[in-house]
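Q: I would like to learn how to read a few features of a protein model. Could we take them one at a time?

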Amino acid sequence: MSRWGLVLGGGGVLGAAWMTGALDALERVHGVDPREADVILGTSAGSVVAALLGAGVAVAEMRARQLDEPVSTGPLAGLRWDAGPPAVPAHPPRPRWRPGSPGLVVTNAGRLRRLPPTALLAGLLPEGRGSLAQIGALVAALHGDAWSPHPGVRVVTLDYETGRRAVFGTPGAPAAGIAEAVTASCAIPGWYSPVVIGGRRYIDGGAWSSTNVDLLSREPLDQLYVLAPMVSFALDRPAGWAARLERRWRERVTRRCLREVSRVHGAGSEVTVIGPGPADLEAMGANLMDGERRRLVLQTSLETSLHAFAAPEPLTWPPLEETG
């Protein structure tokens with residue numbers, strides 16, 4: 001394989017656990033080390049995983065950490081970032097009761113149809129009060145104030161004033177340390193406070209797209225692997241209303257991802273996309289921030305992702321089917 005890339009999508013705490021299993025499967029089936037990808041594009045939870053890979057953390061070390069096993073080798077050895085309150089609580093604190101960024105809506109008044117509905121919603125949602133200090137501390141412990149030593153690591157955020165994507169780690173992007181960029185990429189609107197970088201506020205890149213695959217349409221890559229915790233090509237049928245709503249949202253995210261993939265594929269790259277299947281979704285439930293399910297999700301992904309990479313199915317339209 002000459003030049004290849006890795007896209008790590010958003011999906012909360014459980015999305016990160018699922019991606020760890022998927023990275024393990026990628027190593028086993030294709031014999032590649034995710035740390036050696038030429039480009040690693042991370043959004044939201046995927047940006048945390050991208051930062052770990054960029055710091056040289058092996059997938060086996062990530063897996064051990066997710067399973068609460070001791071990590072005695074590599075950059076994570078001896079690190080503690082979980083003291084005190086949980087880094088990612090299962091539910092958000094009460095937000096401030098005013099729109100987070102009216103300017104985002106005003107600035108884009110003439111192009112609202114070109115703006116993803118999630119980006120518009122992000123401007124209207126109240127500003128969150130949650131803190132991502134622990135995640136920032138983890139990334140800073142690995143990288144300090146600098147960017148990743150891996151030159152291909154990129155982190156997607158949304159400029160909270162303009163509603164446009166800002167991709168840190170690319171030429172022309174605002175100057176920032178990777179810890180700042182990752183916390184910005186994880187700043188879910190209405191849940192976490194925006195992150196100020198260079199005097200501007202930035203929020204979760206997932207407010208534009210869960211995967212942002214299209215950002216690599218001009219990248220000369222022979223192969224691109226997309227690990228997308230919010231993309232599903234087969235759905236379960238959960239009984240609870242919250243889980244049913246979550247599955248409906250997945251349909252929209254999946255279709256958007258496929259449109260982005262078509263642009264990259266049209267530019268000449270082979271693209272493989274995997275996402276959680278019915279067994280993974282059952283393990284996840286409705287709340288992707290529910291850390292109590294983290295180990296179950298990872299253990300399930302270790303099996304399902306191995307099958308997905310070993311026997312990939314062609315991408316088709318419509319992309320979804322329901323599984324009883």
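Q: Where is Ser-44 found?
A: Ser-44 sits in the loop between β2 (39-43) and α2. Helices (H or I, at least four residues) and strands (E, at least two) are DSSP runs, numbered from the N terminus. This is a predicted model, in which local features need pLDDT of at least 70 and side-chain atom pairs count only at pLDDT 80 or more, while totals for chains, interfaces and linings use all residues. Residues are numbered from 1 along each chain as its sequence is written, and side-chain values use heavy atoms, with hydrogens and water left out.

Q: Which phi does Ser-44 have, positive or negative?
A: Most residues other than glycine have a negative phi. Ser-44 is not a glycine, yet its phi is positive, about 55 degrees. Ser-44 is also buried, at a relative accessible area of 9%. Buried means under 20% relative accessible area, exposed means over 50%, and partly exposed is in between (1.4 Å probe, protein chains only).

Q: What is the phi of Asn-212, and where does Asn-212 lie?
A: Asn-212 is not a glycine either, and has a positive phi of about 60 degrees. Asn-212 lies in the loop between β6 (200-204) and β7. With a relative accessible area of 0%, Asn-212 is buried.

Q: Which residues of helix α6 are buried?
A: In α6 (residues 133-143) they are Gln-134, Ile-135, Gly-136, Leu-138, Val-139, Leu-142 and His-143. Among what covers them are α2 (45-54) and α7 (178-185). Just after α6 comes Gly-144, with a positive phi of about 70 degrees.

Q: How do I describe two packed helices?
A: Two packed helices are described by the angle between their axes and the distance between the axes. Here the axes of α1 (residues 12-30) and α3 (residues 59-66) come within 10 Å and cross at roughly 145 degrees. Axes are lines fitted to C-alpha atoms, for helices over the stretch in contact, and angles run from 0 to 180 degrees between N-to-C directions. The contact (heavy atoms within 4.5 Å) involves Ala-16, Ala-17, Thr-20, Leu-23, Asp-24 and Glu-27 of α1, and Val-59, Met-62, Arg-63 and Gln-66 of α3.

Q: How does β7 pair with β9, and over how many bridges?
A: Two strands pair if DSSP finds at least two bridges between them. Strand β7 (residues 223-227) and β9 pair in the parallel sense over five bridges. Val-226 stands opposite Val-273 in β9. Four of the five residues of β9 (residues 270-274) are buried, so this strand is largely enclosed by the rest of the structure. Gln-223, in strand β7, counts as buried at 14% relative accessibility. Gln-223 and Trp-147 are 76 residues apart in sequence, and their C-alpha atoms are 25 Å apart in space.
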